[in-house]
Amino acid sequence: MFTVTPVRAFADNYIWVLRQDTGALAVDPGDAAPLIAYLQHNRLALQGILLTHHHADHTGGIAELLRLWPQATVYGPAGIPGVNEPVMDGSRFHWKGAQFEVMAVPGHTLDHLAYLAEGKLFCGDTLFGAGCGRVFEGTPAMMRDSLAKIAALPDTTRFFPAHEYTLSNLRFALAVEPDNEEILLRQTVDQKQRAMELPTLPTELGLEKTTNPFLRCHVDSVKKSAEAKAGHALADETEVFTVLREWKNHFA
Ligand code: ZN
Ligand code: FE
């Protein structure tokens with residue numbers, strides 16, 4: 001069993017640090033400095049890095065970290081500089097008795113991966129608290145399929161996204177479903193967390209299913225809201241998702 005701690009980077013990134021004994025794995029170290037400070041303060045050796053996708057805010061720290069810990073295994077999509085253990089959908093590996101399973105979740109980028117271990121999913125910029133990543137390289141249908149894959153995991157699965165976007169996502173969720181009391185309740189809880197400068201993450205799949213509009217494209221109120229926004233009827237969940245994603249892109 002490993003423990004997981006967030007290390008803050010940039011304005012709103014989290015570098016999740018998995019610890020077991022004196023060893024650590026870091027997920028998406030976009031910036032080396034705060035991670036090095038954390039590892040040194042806690043006398044931890046960096047044994048590995050898990051990369052979800054190629055964006056600089058997730059990979060920028062690799063070179064410097066490898067200078068300090070040259071023996072670290074860098075798991076990630078093939079093609080990212082520094083990756084010395086390329087993985088893909090279905091890949092498995094072990095770290096100190098914990099088994100990791102890799103899932104391909106394209107949409108935000110084409111190379112996007114998520115890592116599942118001990119009921120925890122390190123999902124990068126695919127799923128956020130009450131939201132999902134922007135579709136940069138894939139198509140909305142691709143992103144929606146990736147989210148459906150994630151949503152098929154057990155409801156107790158805990159998600160560790162790479163950004164603190166929950167409060168702004170909840171404002172959007174309320175615009176989509178103004179009468180959803182679960183969203184209002186979550187907003188109250190998460191506003192308190194942020195007021196104390198604490199993370200709103202990790203989150204749980206069960207909570208996302210009741211409050212995240214992007215996992216609720218099949219729900220009547222969400223569909224109606226998307227249809228009102230589009231100005232016409234929507235045929236299926238992918239169309240609902242596409243309208244929601246576009247709406248959120250311009251939502252302030
Ligand atoms: Zn990204
Ligand atoms: Fe990012």
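This is a predicted model: local features need pLDDT of at least 70, side-chain atom pairs count only at pLDDT 80 or more; totals for chains, interfaces and linings use all residues.
Trainee: What is the volume of the second largest pocket?
Mentor: Its lining includes Arg 158, Arg 186, Asp 190, Leu 201, Pro 202 and Glu 204. The elements that give two or more residues to it are H6 and strand S14 (203–204). A pocket is an open set of points on a 1 Å grid where a 1.4 Å probe fits, with protein on both sides within 12 Å along at least five of seven lines, and lining residues have an atom within 4 Å of a point. Taken as the space filled by probe spheres on points joined across faces, edges and corners, the volume is about 200 Å³.

Trainee: Which peptide bond is cis?
Mentor: The proline concerned, Pro 202, lies in the loop between H6 and S14, and Pro 202 also lines the second largest pocket. Omega is near 0° for the bond from Leu 201 to Pro 202.

Trainee: Which element gives the largest share of the lining of the largest pocket?
Mentor: This pocket has a volume of about 250 Å³. Of its 17 lining residues, the closest to its centre are Phe 128, Cys 132, Gly 133, Arg 134 and Tyr 165. H5 and helix H9 (237–249) each give two or more residues. The largest share, three residues, comes from H9.

Trainee: How many residues of that lining are charged?
Mentor: The classes are nonpolar (Ala, Val, Leu, Ile, Met, Phe, Trp, Tyr, Cys and Pro), charged (Asp, Glu, Lys and Arg) and polar (the others, Gly among them). In the lining of the largest pocket, five residues are nonpolar and seven are polar, while the charged ones number five.

Trainee: How are H5 and H6 oriented to each other?
Mentor: The axes of H5 (residues 166–176) and H6 (residues 181–195) come within 10 Å and cross at roughly 160°. The contact (heavy atoms within 4.5 Å) is made by residues including Leu 167, Leu 170 and Leu 174 of H5 and Ile 183, Leu 184 and Arg 186 of H6. By class it has six nonpolar, three polar and four charged residues. Angles over 145 degrees count as roughly antiparallel, under 35 as roughly parallel, 65 to 115 as roughly perpendicular and the rest as oblique, so H5 and H6 are roughly antiparallel.

Trainee: At what angle do the axes of H5 and H9 cross?
Mentor: Asn 169, Phe 172, Ala 175 and Val 176 in H5 meet Leu 244, Trp 247 and Lys 248 in H9. This contact has five nonpolar, one polar and one charged residues. The axes are lines fitted to C-alpha atoms over the stretch in contact, with angles from 0 to 180 degrees between N-to-C directions. They come within 11 Å, and the crossing angle is roughly 125°.

Trainee: How are H4 and H9 oriented to each other?
Mentor: Pro 140, Ala 141, Met 143, Arg 144 and Leu 147 in H4 meet Glu 237, Thr 238, Phe 241 and Thr 242 in H9. These divide into five nonpolar, two polar and two charged. H4 (residues 140–151) packs on H9 at about 110°, with the axes 9 Å apart. The two helices are therefore roughly perpendicular.

Trainee: What is the phi of Glu 118?
Mentor: Glu 118 sits in the loop between strand S9 (113–117) and strand S10 (120–124). Its phi is positive, in a residue other than glycine, and is near 50°.

Methods
Residues are numbered from 1 along each chain as its sequence is written. Chains are lettered from A and ligands numbered from 1 in the order in which they are written. Side-chain values use heavy atoms; hydrogens and water are left out. Helices (H or I, at least four residues) and strands (E, at least two) are DSSP runs, numbered from the N terminus.
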